[in-house]
Amino acid sequence: MHPEDNRISRRDALWLIGTLASVPAIAFAAADPMLRAIPRTGEKLPALGLGTWQVLDVPSSGNDYEAATAAVRSFLDSGGRVIDSSPMYGRAEERIGEILADIRLAAKPFLATKI
């Protein structure tokens, strides 16, 4: 935490995401997660997703990358599917692609982007 301006560090944010994703009451492991249908297809997705702004704008290796990988893995292992990003988020889209390739998932997450 940066006490002078109440901002949280990237590393602390990644830790918090990973920690919260592993808590069953907050994560998606609930028996009946809140789902929303995509209007055009009817596919149902969890209403809660993982945002990538700032916290996944990390280098392609090192401690921040490892923390980001652990957070994404925890999110997905807990039943999360929706990952939100944007080209305006620095390296976040590139990193989420690398992380997903590294962890080789059985199920595909739903990647949302905006331009």
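Guide: In this predicted model, Arg 95 has a relative accessible area of 4% and therefore counts as buried, the limit being under 20%. Its place is in helix H3, which spans residues 92-103. Beyond its neighbours within four places in sequence, Arg 95 is in contact with Leu 56, Val 58, Pro 59, Ser 60 and Tyr 65.

Side chains of opposite charge can pair when their charged atoms come close. Arg 95 meets Glu 98 in a salt bridge, at 2.7 Å from N to O. Both residues belong to helix H3 and stand 3 residues apart, about one turn of the helix. Whereas Arg 95 is buried, Glu 98 is partly exposed at 24% relative accessibility. Glu 94 joins Arg 95 and Glu 98 in a network of salt bridges.

The whole structure holds 6 salt bridges. One of them links the side chains of Asp 64 and Arg 11, at 3.3 Å from N to O. Asp 64 lies in helix H2 (residues 63-77) and Arg 11 in helix H1 (residues 10-21), so this pair ties together parts that are 53 residues apart in sequence. Arg 11 is partly exposed, with 44% relative accessibility.

A further salt bridge joins Arg 91 to Asp 57, with the closest N and O atoms 2.8 Å apart. Arg 91 sits in the loop between strand E4 (82-85) and H3, and Asp 57 in the loop between strand E3 (50-51) and H2, so the pair ties together parts 34 residues apart in sequence. Arg 91 is partly exposed at 34% relative accessibility, while Asp 57 is buried at 18%.

Notes:
Residues numbered from 1 in each chain as written. Predicted model: local features only at pLDDT ≥ 70, side-chain atom pairs only at ≥ 80, totals over all residues. Heavy atoms only, no water. Helix = DSSP H or I, 4+ residues; strand = E, 2+ residues; numbered from the N terminus. Contact = heavy atoms within 4.5 Å. Salt bridge = Lys/Arg side-chain N within 4 Å of Asp/Glu carboxyl O. Buried < 20%, exposed > 50% of the residue type's maximum accessible area, 1.4 Å probe, protein only.
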